[in-house]
Amino acid sequence: MKCLFLTSSPGYGHTRAAEAIDMALQCRYPGIETEYLNITSLLDSHVSNAIQDGYLRMTAEQPELYQKLYDMDKNFYRQLAGKIPADQNLIDFLEEQQRRFFPEVFERSRFSLPVFYKSLDSALLNTLINSICNREKIPAGRLLTQGLLVLIFNILAARVRKFVNEYKPDILIATQMYPNALLSHSIKKGLIKQPVIGVLTDYGVHGVWVRNTTDTYCVSHEDVAAELRKQGIAADRIKVTGIPLVPAFSNIPTQSQARAHLGLDSCPTVLITGGQCSIGVLNAVQKLLNDEYHNYQILVTAGKHTADMEALQQLARHHQHRFRLYGWCSDISYLICAADVVVGKPGGLTLSETLACGRPFIATCCLGGQEAHNVQFLQTNKVGLQAGLEQLPQVLDELFSNTELLRNMKRNAYQLGRPDAAMAVVAELENILQQDDDRYIEPTSAFGL
């Protein structure tokens, strides 16, 4: 049996979820063959880097723009489609991104000189940017922009279809909404015939996920299932599995075991995390280290792509008695279990791991979009909250001084945790394959072994 995982960058959580399902599949079917397709790898590398950098810049520097993009704000999308002139803040953002990654195109475009692009992808992206930013100066600018958007989507969908048809998997598992959307057109035309499982890795639903071509949706919580049903997805296509986690979360250590393993004291402990890029980590660490009234033990797991590693390392050297810095690892169960509270960026996978370990989460760096759904989930279920950096010392003090409140939040987290979610997704995969005699194979091991 062959399984293809479809993900998208930036954001490592989608890939971590796919890897967790992969591990569960390897346990159940030791001979299975798996492959990963990050759809950004189908683009010219320079264009891919520009898009990913633009995403991170927009979330950090223009959160209002990002929220409009995520919410599919009607007026904002009319600007992107060239139906109405773009707002100046959108023009400024796009031109700055073009200047950063395509300076020769930016300069030549300003003076209406001929531009020679290095690749088709570069030509399409820069022409799209120019058409949005200079709609009034380009003849038939609105039609050009709309045509470009359709063309870009169709080209990328064709590349996904080509990869799928050459690899010939038995089943497709999409852990991000854009690959799931790109599959849809080809499935409707009968050009891709494999069943598709959509695995949502947050605690909310984006409309891009909603497709009649997705056979089964595996979601984090009943609230997400209810939202999918509200958007027209039949109940029998939705399964509440939880967000897939690696096997280590099915057998977590006690807090005392985790602290002994890491060589930590028994004082109140805070784990700070910010995803692969360690977004917001340095500021949170500095805020707590500068707090003169509390002496929390601070743990940090720094992502592979953090820009603040040198500063974090310097702080770790100067505050060895309070601050421990750890490198990035896909299994951070010992760090979470050693802590009393987890602080940082509320990504879906991070929250899922935190809940599986029975810890509350304080969101200090929310990028909006899907993370806004995650924060709402924390607050509704009383397993966490959102707090600005200035509020963080006070919020922690209230938690550590109110043992009953902290105990209740931990209990709520344990009850919401789904450490065996990856196996639950595999069970749904089997339910689909059992209906197809040509694809189904008998498992060689039982779940949980």
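Buried residues, meaning those under 20% relative accessible area, make up 53% of the 449 residues in the protein chain. Residues over 50% count as exposed and those in between as partly exposed, using a 1.4 Å probe and protein chains only. This is a predicted model, where local features need pLDDT of at least 70, side-chain atom pairs count only at pLDDT 80 or more, and totals for chains, interfaces and linings use all residues. Residues are numbered from 1 along each chain as its sequence is written, and side-chain values use heavy atoms, with hydrogens and water left out.

**Overall fold**

- The protein chain has 19 helices and 12 strands; these are DSSP runs numbered from the N terminus, with helices (H or I) of at least four residues and strands (E) of at least two.
- The radius of gyration of the protein chain is 23 Å, close to the 22 Å that the globule rule gives for 449 residues, so the chain is as compact as a globular protein of that length.
- That radius is taken over C-alpha atoms, and the globule rule is 2.2 Å times the number of residues to the power 0.38.
- Along the principal axes, the C-alpha atoms of the protein chain fill a box of roughly 70 × 60 × 35 Å.

**Aromatic rings**

- The whole structure contains seven aromatic pairs. Rings of Phe, Tyr and Trp (its six-membered ring) pair if their centres lie within 6.5 Å, and planes under 30 degrees apart count as stacked, over 60 as edge-to-face and the rest as tilted.
- One of these pairs is Tyr55 with Tyr66, which is edge-to-face, at 5.5 Å centre to centre and 85° between the planes.
- Tyr55 belongs to helix α2 (residues 45–61) and Tyr66 to helix α3 (residues 63–70), so their pair ties together parts that are 11 residues apart in sequence.
- Tyr55 is partly exposed at 26% relative accessibility, and Tyr66 is buried at 4%.
- Tyr66 also pairs with Tyr70: the ring centres are 6.5 Å apart and the planes are at 40°, so this pair is tilted.
- Both Tyr66 and Tyr70 are in helix α3, four residues apart, about one turn of the helix.
- Tyr70 is buried, with 10% relative accessibility.
- Through these ring pairs, Tyr55, Tyr66 and Tyr70 are linked into a cluster.

**A charge over a ring**

- Lys2 lies over the face of Tyr167, 4.2 Å from the ring centre. For this, NZ of Lys or CZ of Arg must be within 6 Å of the ring centre and within 35 degrees of the ring normal.

**Cavities**

- Rolling a probe the size of a water molecule over the atoms shows where empty space is left.
- There are three cavities of 30 Å³ or more in the structure. On a 1 Å grid over the protein atoms alone, a cavity is a set of points where a 1.4 Å probe fits but cannot get out.
- The largest cavity has a volume of about 50 Å³; grid points are joined across faces, edges and corners, and the volume is the space filled by probe spheres set on the points.
- Residues lining the largest cavity include Tyr203, Phe377 and Arg418; lining residues have an atom within 4 Å of a point.
- The lining of the largest cavity has five nonpolar, four polar and one charged residues. Ala, Val, Leu, Ile, Met, Phe, Trp, Tyr, Cys and Pro count as nonpolar, Asp, Glu, Lys and Arg as charged, and the others, Gly among them, as polar.

- Leu351, in helix α15 (residues 348–356), is buried at 2% relative accessibility.
- Leu399, in helix α17 (residues 392–401), is buried at 3%.

Notes:
On a 1 Å grid over the protein atoms alone, a cavity is a set of points where a 1.4 Å probe fits but cannot get out, and a pocket is an open set with protein on both sides within 12 Å along at least five of seven lines; lining residues have an atom within 4 Å of a point.
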